[in-house]
Amino acid sequence: MAVQKFGAEYAEVRAQSLSKTMLTLKEGRVEAAKQGIEDGVALRVLVNGAWGFASVGSLDAVILTSAVSDACKMAKAASSRLKTPIKLAETKTVEDRVHVKPKKNPSEIRMEDKIKTALSVNKAILGFDKRVKSCTIDYLDLTGTSYFVNSEGTCIEQDKLYVWSRVTASAVSKGVFTFSREEIGSTAGYEVFDIETPELIGAKVAKRAVEQLAAKSPKGGTFPVVLGPNVVGVFVHEAFGHLAEADLALSGGVLSSNLGKKIASDVVTFYDDGTISGAFGSFKYDDEGVPAQKTLLINDGVVTGLMHNRETAQKFNAEPTGNARAEDFRVEPIIRMRNTFMAPRDHSLEELVEGIRAGYYFKSFRGGQANIDGTFQVGIQEAYEIVNGEIGGPIRNASISGNTLETLFKVDAAGKDFELWPGRCGKGQTAFICDGGPHIRLKEVTVGGSA
Amino acid sequence: MAVLEKDAMLYLAENAVNSALAKGAAEAEAYVYEGQATSVGIERGQITKSNRIIDRGLGMRVSVNKAIGFAYTNIIGSQSAIEKAIVKALSAARASKPDSDWNGLPEKKPCASAEKTFDRKVLALRPEDLVDTASVMLDAAANADKRVFPIEGGAGAAYVANAIANSNGVAGFDKGTVIECSLAAIAKEGSKVTPVCFEFNAERSCNVNAGWVGKEAARLAVSALKTKRIETKNTKLILTQFALQDLLYFTLINAVKADNVQRGQSAFKGKIGAKIASENVTIYDDGLFQGGLRTGAFDGEGAPHQKTLLVEKGVLRNFLYDNYAAKKEGRESTGNAARAGYLSTPSVEATNFHIMPGGTAAEELMSEVDDGLIIYYLQGAHSSNPVSGEFSVVATPAWKIKKGEIVHCSRGVMLAGNIFEVLKNVSAIASNDRKMGQLISPWMLVENVKVIGK
């Protein structure tokens, strides 16, 4: 009603009721076992072509009514100097209820058992080798329901379920400190620990920390490299994915002028897919009520599409792709990736490595970042030399950097294997995502090293 | 919506503590938070949106047989929701494992008052006022140069209050305001697009300089248009506050946290009294710095904020402690327990990490550089090795200094090294102190850093 009074063109309400469990263990000490409950509502309205957004941590009717009038007044104020009013692409209205059916619902697992799982990871790490001196295990599960209603008639009830853990370890020997990290993440359920067992993940993290103790610093310069699926994932996400977010493309990013053009070698095909069952970046409807889909971004080197919300889809005269996501009711939906990956081709790892006389094999990443001009950086936590066509000894603290549009043409071969890795992406708010691909070879890339 | 009064927030906290004790907690601590924020957002050159967020909640920490449980709720208008959170905190503690190093919650201690952290005028700001602030910024950028395109930014005003109470009699209330504006801009010339150049100003009282932010973001973007390659070599760098904040947050600041030292996660273990930086470097952690962005009367568990000498003329003097890490060594907390609102338990964090300014004006520092780079924005600092301090990052971009003047910028320049070596090679510190998040710092001149050109 208040919406009509203020003459809003569009209005939407997102009400959420969420429960979280969190754990932090350091060297097997449970720092605190944590549980939380949060209810809240996000209101978004379009008045005179500008957005007004109000978030309140309450489901109380009186508070909500005042939040609606707040949102409309805010939008009106924001519209005062608007030159280009915002419009939304049309979408089908949806009425649906989406319920998750996990084999093991984290909300039904006792806190004691969650602590037990974390302690098993801890034991696998600290028991691996005496030189492993510390480990931190973070655990989070989030369950709840999100209700989405908009003024066009869409009405969606959708369960939320996330299980996430980050495991880090460090090893020390003779004044050398090393550091190793893994994350697991799932929207399927607590059964993720039946595949990623505590013993497996613990050993993986500890082994890397120990191996790195004997690693050398890399030489800085330009080298041919082979990237493992884990590094390919973050490369696809950082170096290309962010540029393919339509809001960043509109903001002067390098992709807006390259739609339909060839910007990569023939072996490069990228997708952003919100429909992979159980993957950390999957969901049925985004936070504008648009169904998630599998979006082809690059096909055989040619840019075929961008990731859209309803606002950017209208600007590009495209279909919304279901990429509008909000971390929770405290923030508005923005364009985010889901599960972003490179499609596999036909090479084996041996074939990728064999032609390289002096280069590097980058197997696992530590972090990555990108800039709108196409500059990217990926820090590496596990790497090896390649000498005369064979993988050699470990190197540490390397990173790669380059410009997306130059680097994508340098992908000269891709493997037939495929892995998808869970992660979190920051763009003012946090989104749960996956990224991945096969092994690939880059003819050359800048490697940052201090030797 | 009107803000919660001091008495109401303290009452909620003290009541929750009493209820937890009655339900069987050995110790209890309640933290009540209120945040109200209004902002306007700029997208692609125009103001397109306005947001208002009201977030309140209560976080409850209890101990039962030296095992710690925590629960939170944001439904603080309902006594039954609060009681439910208390029960959840207790059940979490009972499910958890005892910690033999747990020596109790903080004791009651007198707090100094925080100065210049609250301005009533900020509370009264309407969205229309923030639209004006953002417009001043946009106009300043547009008038500076036609090639500048502001991509995002905005202006915001926030009120934050917290109350804390524990079963040792700690009871505190503190409130503060922040007003800020920021602008990210690129410059375009033909098909050339610069990296994103960013400026901002955040203050506790109602006096941000929006015109300066717009002008400065535009100046940086335009100066990034002229690019030239540079060679791979060891060179001098001026690190501005942006670069320092990125590099130090993941390395140096981690190394001075007592919990990391105790866990063998710090390169500074056993180094108190040792020379860890050039004698030009003196650093305080100052939770009472007048008008500092992290200034407040007390920390996330009610321990008084203070000024702690960390590095004195290059010599390591102290670490940062919360109550837990301090009691483990039989010491006093330095007031460095931080919280992410009501959603988290406290953890060790710097307040205002203050690198003391030197006597050289920034322009003078620059004029003395014959051949070097000035670094603003970095990519990839979060992939540094937090324990060893090794980093491998890319400057987006790096600006070349020749004979004391910026001559061009260079893209894709990588910097690699070890932050602890960098600190030993600080040859001068400028006098241009500036607040940036938890960092308060001037520019630093550093010798002999490995730079990989393209």
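Biologist: Leaving aside its neighbours within four places in sequence, what is B:Ala221 in contact with?
Modeller: In this predicted model, B:Ala221 contacts B:Val148, B:Ala185, B:Ile186, B:Ala187, B:Thr194 and B:Cys197.

Biologist: And which residues touch the most other members of the largest nonpolar core?
Modeller: B:Ala221 is one of them, along with A:Tyr360, B:Leu58, B:Met60, B:Ala89 and B:Ile375. That core holds 280 residues.

Biologist: Which strand gives the most to it?
Modeller: Strand E4 of chain B, residues 148-166, with 10 residues.

Biologist: What's in the second, separate core?
Modeller: That one has 6 residues, including A:Val163, A:Trp164, A:Ala188 and A:Tyr190.

Biologist: OK, helices now. At what angle do H1 and H2 of chain B pack?
Modeller: About 50°, and their axes are 10 Å apart. H1(B) covers residues 6-22 and H2(B) covers residues 79-95. The pair is therefore oblique, and H1(B) passes H2(B) in a right-handed crossing.

Biologist: Which residues make that contact?
Modeller: From H1(B), B:Ala16, B:Ser19 and B:Ala20; from H2(B), B:Ile82, B:Glu83, B:Ile86, B:Ala89 and B:Leu90. By class, the contact has 6 nonpolar residues, 1 polar and 1 charged. B:Ala89 also came up among the core residues that touch the most other members.

Conventions:
Residues numbered from 1 in each chain as written. Chains lettered and ligands numbered in written order. Predicted model: local features only at pLDDT ≥ 70, side-chain atom pairs only at ≥ 80, totals over all residues. Axes fitted to C-alpha atoms, helices over the stretch in contact; angles between N-to-C directions. Helix = DSSP H or I, 4+ residues; strand = E, 2+ residues; numbered from the N terminus. Parallel < 35°, antiparallel > 145°, perpendicular 65-115°, else oblique. Left-handed = near helix turned anticlockwise from the far one by under 90°. Contact = placed C-beta atoms within 7 Å. Nonpolar A, V, L, I, M, F, W, Y, C, P; charged D, E, K, R; others polar. Core = buried A, V, L, I, M, F, W, Y, C linked by C-beta atoms within 7 Å. Buried ≥ 20, exposed ≤ 12 C-beta atoms within 10 Å, placed from the backbone.
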